[in-house]
Amino acid sequence: MDPITERDLRASFVNCSKGDAKRLPAPRDLDDRPWEELDFLGWTDPSFPGRGYLVVPRADGPVGISMRFEPNGSGKSQMCAICLTTHTRGGIALMTANKVGESGRAGNSVGIYMCIDLACPLYARGRKKPTLGSRYREDLTPEEKTARVRDNIDAFVDRLYA
């Protein structure tokens, strides 16, 4: 992923109002992020547990997504649908996002089970390990795993527009 400025980050949000995008807490460490290892940027709101944000690079520009989730996740072991990392004791949550446009304003949403810390690109590359949990042994190369992360996150973004 290419580095993104706070201004471009805020302008990228598609499923919340411009006012909400202005007020959301942007990451303070944008300059320190490992951009070359990110397939998307994900962060949570430290002042409002249960809020998360994604910025996904797309052909026509970055797409920002505001999401909600249960901050403690479930007590069960679960697998992330994006990076296929298994977490135990609340490391996975159902992330829900309002759909784009009139459908979203009418209250329609989509959901996906994801790592609560939204660090899927780092898990797929082996740069981060789950505290409790594991990654399944696979015969895929790191490039194939990261391609799968991109495919899975793109499919989620596509569902916001459907």
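So, Lys 128: in this predicted model it comes out partly exposed, with a relative accessible area of 32%. Its partner is Asp 117, and the two form a salt bridge with the closest N and O atoms 2.9 Å apart. Asp 117 sits in the loop between β7, residues 109–115, and α4, residues 120–124, while Lys 128 is in the loop between α4 and β8, residues 133–135, so this pair ties together parts that are 11 residues apart in sequence. Asp 117 is partly exposed too, at 31% relative accessibility.

Okay, how many salt bridges does the structure hold? The count is 10. I'll go through a few of them.

Take Arg 58 and Asp 158. Their closest N and O atoms are 2.5 Å apart, and they form a salt bridge. Arg 58 lies in the loop between β2, 51–56, and β3, 63–68, whereas Asp 158 is in helix α5, residues 142–161, so here the tie is between parts 100 residues apart in sequence. On accessibility, Arg 58 is partly exposed at 24%, and Asp 158 is partly exposed at 43%.

Then there's a pair within one helix. Arg 10 and Glu 6 meet through their side chains in a salt bridge, 2.9 Å from N to O. Why do these two line up? Both are in helix α1, residues 6–11, and because they are four residues apart there, about one helical turn separates them. Glu 6 is partly exposed, with a relative accessible area of 40%.

As background, nonpolar side chains in soluble globular proteins tend to be buried together. In this model the largest nonpolar core has 43 residues, and the members that touch the most others are Leu 9, Leu 54, Ile 65 and Met 114. Which elements give two or more residues to this core? Those are β1 (41–44), β2, β3, β6 (92–98), β7, α4 and α5. The largest share comes from α5, with five residues. Remember, α5 is also the helix that carries Asp 158.

Setting aside neighbours within four places in sequence, Ile 65 is in contact with Phe 13, Asn 15, Gly 52, Tyr 53, Leu 54, Val 56, Ala 97, Phe 156, Val 157 and Leu 160. You'll spot Leu 54 in there, which is another of those residues touching the most other core members.

Technical notes: Residues are numbered from 1 along each chain as its sequence is written. This is a predicted model: local features need pLDDT of at least 70, side-chain atom pairs count only at pLDDT 80 or more; totals for chains, interfaces and linings use all residues. Side-chain values use heavy atoms; hydrogens and water are left out. A salt bridge is a side-chain nitrogen of Lys or Arg within 4 Å of a carboxyl oxygen of Asp or Glu. Buried means under 20% relative accessible area, exposed over 50%, partly exposed in between (1.4 Å probe, protein chains only). A nonpolar core is a set of buried Ala, Val, Leu, Ile, Met, Phe, Trp, Tyr and Cys residues joined through side-chain atoms within 4.5 Å. Contact means heavy atoms within 4.5 Å.
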